[in-house]
Amino acid sequence: MYSEPTSFNIPESSKPNLSKSKRWYQKWWGRVIIVFLLLFLSMLTAMAFYVGRTVIQLRSGDITPQELLGSGYTGGAGHNPVTLATADDPSRGPKDAKVVIVEFSDFQCPFCRQAYPVVKQILRDYEGQILFIYRDFPLTDIHPQALLAAMAGECAHEQGQFWPMHDKIFENQQSMTEADFKRYAVQIGLNNIEFGNCLSSGKYLSEIEGDLNDGFNAGIRSTPTFVINGVQVSGVLPLNTFEQIIISELSK
């Protein structure tokens, strides 16, 4: 005989809780974390937008570091960038010009070669309105002929012909031996013997070293770097960027 199946009555309190537990983001503390993360991401996005806009304004010349950081701003490494304008380096333009542009350049630098036509155009378009000063910044670790080229420029400057030598070197950047520099000296009308003696003596090494030290102390690490009325701008800038900065400074 078969007996009826026995049923067991399990108390409600003893039954397992089969309902699913809440996920972390459904709990009160999870919601707090989500709100915090959303606020943080919003702030990060706003900051990135502000920094990006500020960089664009600085590059275009709409604002200056002095305006952004206050009148106490003096540039990198505690060095006042305005003092980077010197009286003994090659220059073009009136000494009392309202706009002073100092270029730290390397004759063997390909980017300086790219900037060369723009510099020439600026010197033509703003003749008599700006003072442009050339300072040596030969990066000899990557440009082995840059130091010799800088000395060639200084030796030409000694005879009052820096800018013709400057143009010759940049227009023939692939030919930068001592013989090439002596040939350029003849072509631009220098006394070749005096130029040759100057070049071989290394008499302007300390002058070039002084330019390098001033640049490093001001935070310059690459060429070309332009210091326009105390504000540093690095790289190959298009002509219209230069024009915006110059016009802005002339109108002050």
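Helices (H or I, at least four residues) and strands (E, at least two) are DSSP runs, numbered from the N terminus.

Residues are numbered from 1 along each chain as its sequence is written, and side-chain values use heavy atoms, with hydrogens and water left out.

Start with confidence. pLDDT is the predictor's confidence in each residue, from 0 to 100. The protein chain has a mean pLDDT of 84, and 76% of its residues reach 70 or more. Residues 1–8 have pLDDT below 50, and this stretch makes zero contacts (heavy atoms within 4.5 Å) beyond near neighbours in sequence. Residues 69–81 also stay under 50, but here the model has 16 contacts beyond four places in sequence. Where pLDDT is low, the predicted coordinates should not be read in detail.

Now the overall layout. The protein chain has nine helices and five strands. From the N terminus on, the elements run α-α-β-β-α-β-α-α-α-α-α-β-β-α. Of the 252 residues, 38% are buried (under 20% relative accessible area, with exposed over 50% and partly exposed in between; 1.4 Å probe, protein chains only). Among contacts between residues at least 6 apart in sequence, 75% join residues at least 24 apart.

The interior comes next. A nonpolar core is a set of buried Ala, Val, Leu, Ile, Met, Phe, Trp, Tyr and Cys residues joined through side-chain atoms within 4.5 Å. The largest such core has 45 residues, of which Ile101, Phe107, Met165, Ile169, Phe181, Phe195 and Phe226 touch the most other members. A second, separate core has 13 residues, including Val100, Phe104, Leu139 and Ala218. Look at methionine 165 in detail. Leaving aside neighbours within four places in sequence, methionine 165 contacts Ala152, Gly153, Ala156, Phe181, Tyr184, Ala185, Ile188, Leu190 and Phe195.

Alanine 149 belongs to helix H4 (residues 146–158). Alanine 149 counts as buried because its relative accessibility is 0%. Beyond four places in sequence, alanine 149 contacts Phe107, Ile169, Met176 and Phe181. Its C-alpha lies 8.3 Å from that of threonine 177, a residue 28 places away in sequence.

H3 (residues 110–125) has 16 residues and spans 24 Å from first C-alpha to last. That is close to the 22 Å expected at 1.5 Å a residue, where the expected span is 1.5 Å times one less than the number of residues. H3 bends by about 35° at tyrosine 116, and proline 117 follows within four residues. The bend is the angle between axes fitted to the seven residues ending at a residue and the seven starting there. Cys112, Ala115, Tyr116, Val118, Val119, Ile122 and Leu123 are buried in H3. An α-helix has 3.6 residues a turn, so residues three or four places apart point the same way. The buried residues of H3 pack against E1 (91–92), E2 (99–105), E3 (130–136), E4 (225–228), and helices H5 (162–171) and H9 (239–250).

Follow the chain out of H3. Glycine 128 lies in the loop between H3 and E3. Glycine 128 counts as exposed because its relative accessibility is 52%. Its C-alpha is 5.4 Å from that of glycine 93, 35 residues away along the chain. Isoleucine 130 is in strand E3. Isoleucine 130 counts as buried because its relative accessible area is 2%. Beyond four places in sequence, isoleucine 130 touches Arg92, Gly93, Pro94, Ala97, Val99, Ile101, Ile122 and Ile246. The C-alpha atoms of isoleucine 130 and proline 94 are 6.9 Å apart.

Return to threonine 86. Not counting residues up to four places away, threonine 86 touches Ile133 and Arg135. Its side chain also makes a polar contact of 2.5 Å with the side chain of aspartate 89. A polar contact is a pair of N or O atoms within 3.5 Å; within protein, one must be able to donate a hydrogen and the other to accept it, and residues adjacent in sequence count only if both atoms are side-chain atoms.

Two backbone details remain. The peptide bond from threonine 223 to proline 224 is cis, with omega near -5°. Proline 224 lies in the loop between helix H8 (205–217) and E4. Asparagine 229 is in the loop between E4 and strand E5 (231–234). Asparagine 229 has a positive phi of about 50° although it is not a glycine. Asparagine 229 counts as partly exposed because its relative accessibility is 23%.

Notes
This is a predicted model: local features need pLDDT of at least 70, side-chain atom pairs count only at pLDDT 80 or more; totals for chains, interfaces and linings use all residues.
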